Amino acid sequence: ASGAPAVQDKVRQGLDALQRAAAMVAQLELFSENEELEEIASADLKFLLLPALLGALTLKQVDLSRRLEHLQSAREHFLRFLRLCRSYGLGAALLPPEERDGSGPAAPTQAGLVAMAVNRRAKIERYKQKKELENKLASMRSVVEGGTADEDQIREFHILQIQQWISTSLEELESIEQEMVILRSRDAARQAPAAPHGPTRPLRAPVRPFILTRDAAQAKVFGAGYPGLPTMTVDDWYEQRRRQGIVSGQSVPQRAPGVSDEELQKQQQEKQEEEDDEEALQKARNWDEWKDTHPRGYGNRQNMG
């Protein structure tokens, strides 16, 4: 696997070797944008691949915390390779048709090279040319590596390799652009403050479990059997809820001494019914007043002589 420590060690060693080679090539000034391809020695053509190889190995690093940094570095390596090849006129068959006749800029901009990588027509052309290059390289590889090829064959082989890497670099640039967009969108989403979802509710203290009893006598019985759970009478429970502001003080029932829960509930129900029925209340008041002014038996004349 590419993420294995042994593989990553080889990737770092390869990057160090390529960077030392690139530094020596720059010091020797092997390549210049002012010279022609014919002026480069056949043995030196393979060193044109150094920026592309640096970009490919840079993408092999799997440190997720530095992934965006590695993508940007690989992007710069591939763009440097494409600019160098374009200055020598290499890879013209892999460019869009409007870029082949020389009417385009002599030194393409970075934005132009990226646009070239994602151009649909250019991608179709590159795919066709890539297959032809692979077939040619496969037929010439055994001759060149076997040491029986002449200088013209060696030169053609290196140029075909460069053209193959031009196609690969353009494909990698397209993938890099897409991955960078995803990474930047992810980072922006992480840094954005979370939007509030509706009005916030006040935090309420968690309710501890307890045993609800009718009166204090029952609380003693249950409390003795369940020492792990506290007991609480109905009156205590109402008083606790009133202090928390959940119920109003008027809703707390007042228990008279010696009155059971059933009687208290019945009294509350009767009181509620009387308060709700104004007509019944007024009728009861009129009946009480009539009894005060009319003694028992008033108006009964049937048994009188």
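**Salt bridges and burial in a predicted model**

User: In this predicted model, Lys 130 and Glu 171 have their closest N and O atoms 3.4 Å apart; why is this called a salt bridge?

Analyst: The term asks for a side-chain nitrogen of Lys or Arg within 4 Å of a carboxyl oxygen of Asp or Glu, and Lys 130 and Glu 171, with their closest N and O atoms 3.4 Å apart, form such a bridge. Because Lys 130 belongs to helix H5 and Glu 171 to helix H6, the pair ties together parts that are 41 residues apart in sequence.

User: What makes Glu 171 buried, partly exposed or exposed?

Analyst: Buried means under 20% relative accessible area and exposed means over 50%, so Glu 171, at 31%, counts as partly exposed.

User: How do you know that the side chains of Glu 177 and Arg 75 meet in a salt bridge?

Analyst: The N to O distance is 2.4 Å, and the cut-off is within 4 Å, so the pair qualifies.

User: Why is Arg 75 called buried?

Analyst: Its relative accessible area is 15%, and buried means under 20%, so Arg 75 is placed in that class.

User: What makes helix H2 mostly covered?

Analyst: Of the 10 residues in H2 (residues 50–59), 7 are buried, among them Leu 50, Leu 54 and Leu 59. What covers the buried residues of H2 includes helix H1 (5–28), helix H3 (67–87) and H6.

Conventions
Residues numbered from 1 in each chain as written. Predicted model: local features only at pLDDT ≥ 70, side-chain atom pairs only at ≥ 80, totals over all residues. Heavy atoms only, no water. Buried < 20%, exposed > 50% of the residue type's maximum accessible area, 1.4 Å probe, protein only. Helix = DSSP H or I, 4+ residues; strand = E, 2+ residues; numbered from the N terminus. Contact = heavy atoms within 4.5 Å.
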